[in-house]
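Please open the structure in your viewer and keep the selection tool at hand. The stops below tell you what to select next and what to look for there.

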Amino acid sequence: MEIITGPHGSGKSTLLYERARTALAQRRRVSYVTLPHARAHALRQLAKHGGGGIGLEVLHFQQLYTRILAQAGRLNAPVDLMQRVALVGRALGHLLGAVPSPGEAGLFARAIAELKRYGLSPEQLPAGIDPEVDRLREVYERYEALKGDAQDPDDRRNLAGSLVTERKPEDLDLLLVDGFRELSPAEVSFLEKLSASGIEVLVTIPEPIPGHLSTETFEESRVQRDYFVHANPIEEARWILKKAKSLVLDGADPNDIAIIVPDSLLPVYLLYAGDAGIPVNDESRRSLQDLPEGRLLHSLLTLPDNPDPSVLQHVPGLERLAEAVFLAGVSGSEAIGKLAEETGHNAEFENLVKTMEPRGRPDEWVRGVISCFPELAQSPWNESLAAAGFEAINLLGESADKNPEVLRTWWAAMLGFVNVRQRARPGITITTPNMLGGRRYDHAFVAYAVAGAYQAHSREDYFLPDATPFRVRWEDAFAKAGLPFRIRNQTNALWAEVAASGARTTISYPRASAGGKLEPEPGIFNEAQASLAAPLPPASKIEVDFPETPLELPRTGPVPLTSDVPAEDLRRFQECGWKYWLQKLGVRAHDSSPPAWVEALITLAEQERKGEELDPTLLQTLGLKSDPEWEYHFWPTTELEDIKIRTHALAINSRSSLAAILHFTVKPLGKADKEGARAIIRKRWSEYLMAYNLLKDGYTVMIMVKPAGDEAVKAYDMNPSDLDRPQKWPAKTLAEKLAFAKEAKTRIPHSRLHSAANPGSCRACPYRDICRQAN
């Protein structure tokens, strides 16, 4: 076995491509082993370097083990990750006398997999050192008994290693192993046995394998690196995607470009890539839970037990209810049930909850759930979604129909244990450091290189921590069977791989985020060679609408932070003082003019103040018409217990003691979209307080929402008698709004500017880019 070592980017893989080309020219059969998600990239690189052709295959270790077992006639039924967790759950349930939680079963499954990875049987576990270790041994033994002759991935590796010593595998002359940061003792042992059987084996690895001499060593990395500094993570993301897009427009192959980001930022980059129209190879979908249909099924399964808005928003037909729940700030079955009744979604909500309650045979219920929703029934993964449910039923056994909540919990959990293998799509690869897998590209961007973002995150084992004498050094595990220490400094290896992920690698970090100042990661980022990133032209419509160029903002100026402001201003300041300040200073988020109805309201208010006849054209702009029974007031202002109130418009019918409070908006609504109108009014204060005043004066009040160019939609009806029931709606809500306004009024003179208390509101804020740049 030849072992070629050297730093990333030193030419090890190129040497393997040349060896593959030479072997294929000699009509030898070549297998190229790499990580599962790196196969498509390896095929492209082999073809690019002339190493492709008949007789070459690219596969991963498990495929190689499976082939060897099949050739020897020793291939049995497989046990995948989901089945392994289910079997461990059954084994643990037998020990406990009750169904365990999916999390506990997963903990035991990972421990058993680690023991098997290093060739340790249940009998080899130390006895008497800890009750939990004894419990692990019992669960391990029970798992093996339940599994029977079926083979999990570790069984196949261990059996394949023993078989290659008996017979040489067919259809294999040269084995190339590439793209691994390190190889485990079991993998090294397998490769040694394969080499001893007469097959030529070449392995590339960054660091020497303990106890093995390298046959060739590359000393120097040939990577060119650029270092850039950005103001914040959003500017950094947009700049990187614009730079990547410009490379493609200049003729670079998108498949030869990669963007490496921490896991938490992967959705952000995928979102902005879509805005910029960049084709991407999305590597974020790793299990069924990561697919849209998997998220939907997971939301449905958790709905009866945990109907919070984050679940409701994924359920078709309940998006409006989810929005109402978000705005009301409630959670729990009882509260959401009441809100569903108030918003007119009670029937849909109750039917959905009933659908998710198992009835009849559990397997028929699983099929019924899948068939009830087109998104699930028509999904190419519908069989896998159902299989997760069947596995949960098998685990629960006869108690499946008696424990609906446990059945739903296990089905939802199983979705996370089903790996999703999707064909790599042509485009720029957006991936994470742990998914990089030794791949190297022509151009690579390493984003958000801040301290702590790129870590190997070694953790001690729950059952056998590193302090246990049973564990051995990593180097010793290659000489004899043993469980290596968990905590090893693997972060340096990760940094080296990430920093050399491209022939030209651009590494950047943002100076600050919403959480404060950020520091670069010295293991990746070279501050001495860094420079500020130069602005690039816009690459998407959103950047045209919201320019990234910093604006010259007034650093000082009169900001009316006195208590003599309308109720709606009090609310705005409480939500986000920074946005309120920008609005009062007249700073516009982008070049836009006020809607036509605003200009009409201003002019009509001026005509009303001067006692002039109201302009019928302007009334028509607002969707109103002159009526002798109705008296209109525009921008009406009044007070309620020292709180100043101002609304858009007010229509009074004194003869009938009717009052209509009008709120104008550019947001379109359907003719009967009462819930949409309520969602707009619910978060405001002015309309409620104006209604409070009018109710006290004996008026029956309607609060109307008037979309521009459309008919008004009635949000609420209120009667004076409603005030006689202070603990019920609307009297309770009106009193709460008044209390909020009073509290804000007492606090505002002593307040300091602050950003939004709820950062989620920033997504729809037109000042979001200005806020980030100024901060």
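The tour goes from strands to a sheet with its helices, and then to rings and charges.

Before selecting anything, note that this is a predicted model, in which local features need pLDDT of at least 70 and side-chain atom pairs count only at pLDDT 80 or more, while totals for chains, interfaces and linings use all residues. Residues are numbered from 1 along each chain as its sequence is written, and side-chain values use heavy atoms, with hydrogens and water left out.

**Strand E8**

Select residues 257–260, which form strand E8; helices (H or I, at least four residues) and strands (E, at least two) are DSSP runs, numbered from the N terminus. Ile-257 and Ile-259 on one side, and Ala-258 and Ile-260 on the other, are all buried, where buried means under 20% relative accessible area, exposed over 50% and partly exposed in between, with a 1.4 Å probe and protein chains only. In a regular strand the side chains alternate between the two faces of the sheet.

Ile-257 stands opposite His-443 in E11. Strand E10 (residues 428–431) is also parallel to E8, with 3 bridges, and there Thr-431 is the bridge partner of Ile-260.

**The open sheet**

Next, select the open sheet of 5 strands in the order E18-E21-E22-E23-E24, whose pairing is mixed. Strands E18 (631–634) and E24 (713–718) stand at the edges with a single partner strand each, so one side of each has no neighbour in the sheet. Within this sheet, 5 bridges join the antiparallel strands E21 (residues 649–653) and E22 (residues 658–665), and Ala-651 has Ala-660 in E22 as its bridge partner. Helix H26 (residues 674–682) packs on the sheet, touching E22, E23 (700–707) and E24, where contact means heavy atoms within 4.5 Å.

**Rings and charges**

Which kind of aromatic pair do Tyr-17 and Tyr-32 form? They are stacked, at 6.3 Å centre to centre and with 25° between the planes; rings of Phe, Tyr and Trp (its six-membered ring) pair if their centres lie within 6.5 Å, and planes under 30 degrees apart count as stacked, over 60 as edge-to-face and the rest as tilted. Because Tyr-17 lies in helix H1 (residues 12–25) and Tyr-32 in strand E2 (residues 30–33), the pair ties together parts 15 residues apart in sequence.

Finally, select Arg-488, whose charged end sits over the ring of Trp-474, 3.9 Å from its centre; this requires NZ of Lys or CZ of Arg within 6 Å of the ring centre and within 35 degrees of the ring normal.

Terms used:
Two strands pair if DSSP finds at least two bridges between them. Axes are lines fitted to C-alpha atoms, for helices over the stretch in contact, and angles run from 0 to 180 degrees between N-to-C directions.
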